[in-house]
Amino acid sequence: MLTVGHQIIILFILIGVGIISKKAGFLNETVVKGMNNIVLYFVTPCLMMVSFQRDKDPALTKGLIVATIAAFASHFLAILLAHLVIHDKDRATELILRFGVIFGNCGFMTLPIQQAILGPDGVFYGAMFIAVFNVILWTYGLKTMSAGEEKITLRKLILNPGIIGMLLGLILFLTQFRFPEVVEAPIEYIAGLNVPVPMFIIGYYLGSMKWKDLTKNPKQYLSIALRLIAVPLLTMAVMIPFHVDPTVFVAITIGSCSPVAAKAVMFATKYDKNPELGSEMVSVSTLLSLITMPVMISLGEVLAKV
């Protein structure tokens with residue numbers, strides 16, 4: 001708990017810089033969108049490539065396979081939970097509430113924590129969780145939120161930064177190719193932005209949140225509770241009987257306990273599925289996750305040794 005708490009406090013401080021920057025006017029929507037795109041299209045893929053630049057090891061390969069299975073299991077459990085528990089007379093509200101249960105912010109919020117707590121191995125396995133997230137997002141998530149209007153295509157599935165970064169990293173790992181120093185150094189410098197920049201962005205949005213959002217729509221709290229507490233608990237419960245490697249166990253736990261994905265707002269806006277509620281859920285769940293994530297991650301570290 002102390003180790004996790006130490007790392008979370010560091011991230012809190014970085015988030016605080018983002019909040020102060022918002023209040024001081026240093027950051028605005030245009031700047032933050034630009035920062036968001038830099039993280040999405042450059043920092044995350046570079047981080048994945050750096051994390052996969054390692055000697056091939058049977059234990060790592062096995063861990064990667066286990067992490068993939070566990071990530072799929074976590075998302076399938078979330079889908080099942082959302083359909084069993086979340087019901088609403090308004091179809092748009094029901095869809096966005098379910099979306100919030102299923103899809104977490106497993107890039108921005110979890111990769112920095114996995115890196116801080118578990119090091120390169122955490123990012124190595126965390127990258128696979130993001131890949132699975134993207135597969136389910138651009139298949140089940142797209143089909144559901146569009147009410148069947150959007151067609152699932154291989155192009156949409158593959159051409160997103162999360163999948164591209166993972167595929168490039170996997171190729172590097174399997175072929176054991178190493179970049180020359182003149183190429184490797186810039187990639188590592190860009191990857192190093194993974195912790196501070198996402199935290200500044202989260203701080204900006206928390207600084208933009210109004211306290212009335214906490215009570216504006218009480219329906220969101222059931223969805224958020226399932227996202228932040230029930231999903232990670234179920235994910236851990238499924239992994240325990242299989243005696244999953246502790247690093248894989250904790251990395252998957254971190255991925256499963258993240259707050260509602262920012263994609264909730266994007267999808268809700270695009271398909272007119274209550275974007276205001278989606279925005280509130282992202283903000284409120286991110287705020288509450290500052291309390292729940294240390295608890296879930298600490299519990300995961302304990303259960304990983306069972």
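Thr253 is in contact with Met236, Met239, Met296 and Gly300, when its neighbours within four places in sequence are left aside. This residue belongs to helix H13, which covers residues 246–256. The structure described here is a predicted model.

The relative accessibility of Thr253 is 0%. Thr253 therefore counts as buried, the limit for that class being under 20% relative accessible area.

## Salt bridges in the structure

Side chains of opposite charge can pair when their charged atoms come close. Over the whole structure, a search finds 5 salt bridges. Among them are the pairs Arg54 with Asp121, Lys219 with Asp88, and Glu94 with Arg91.

## Arg54 and Asp121

A salt bridge joins the side chains of Arg54 and Asp121, with a distance of 2.5 Å from N to O. The two residues come from distant parts of the chain, 67 residues apart. Arg54 is found in the loop between helix H2 (29–52) and helix H3 (58–85), while Asp121 is part of helix H6, residues 120–145.

The partners fall into separate accessibility classes. Arg54 has a relative accessible area of 14% and is therefore buried. Asp121, at 27% relative accessibility, is counted as partly exposed.

## Lys219 and Asp88

Another salt bridge is formed by the side chains of Lys219 and Asp88, at 2.8 Å from N to O. Lys219 lies in the loop between helix H11 (213–216) and helix H12 (220–239), and Asp88 lies in the loop between H3 and helix H4 (91–102), so this pair ties together parts of the structure that are 131 residues apart in sequence.

Here the lysine is partly exposed, Lys219 having a relative accessible area of 44%. Asp88, by contrast, is buried, with a value of 17%.

Glu94 counts as buried, because its relative accessibility is 9%.

Terms used:
Residues numbered from 1 in each chain as written. Predicted model: local features only at pLDDT ≥ 70, side-chain atom pairs only at ≥ 80, totals over all residues. Heavy atoms only, no water. Salt bridge = Lys/Arg side-chain N within 4 Å of Asp/Glu carboxyl O. Helix = DSSP H or I, 4+ residues; strand = E, 2+ residues; numbered from the N terminus. Buried < 20%, exposed > 50% of the residue type's maximum accessible area, 1.4 Å probe, protein only. Contact = heavy atoms within 4.5 Å.
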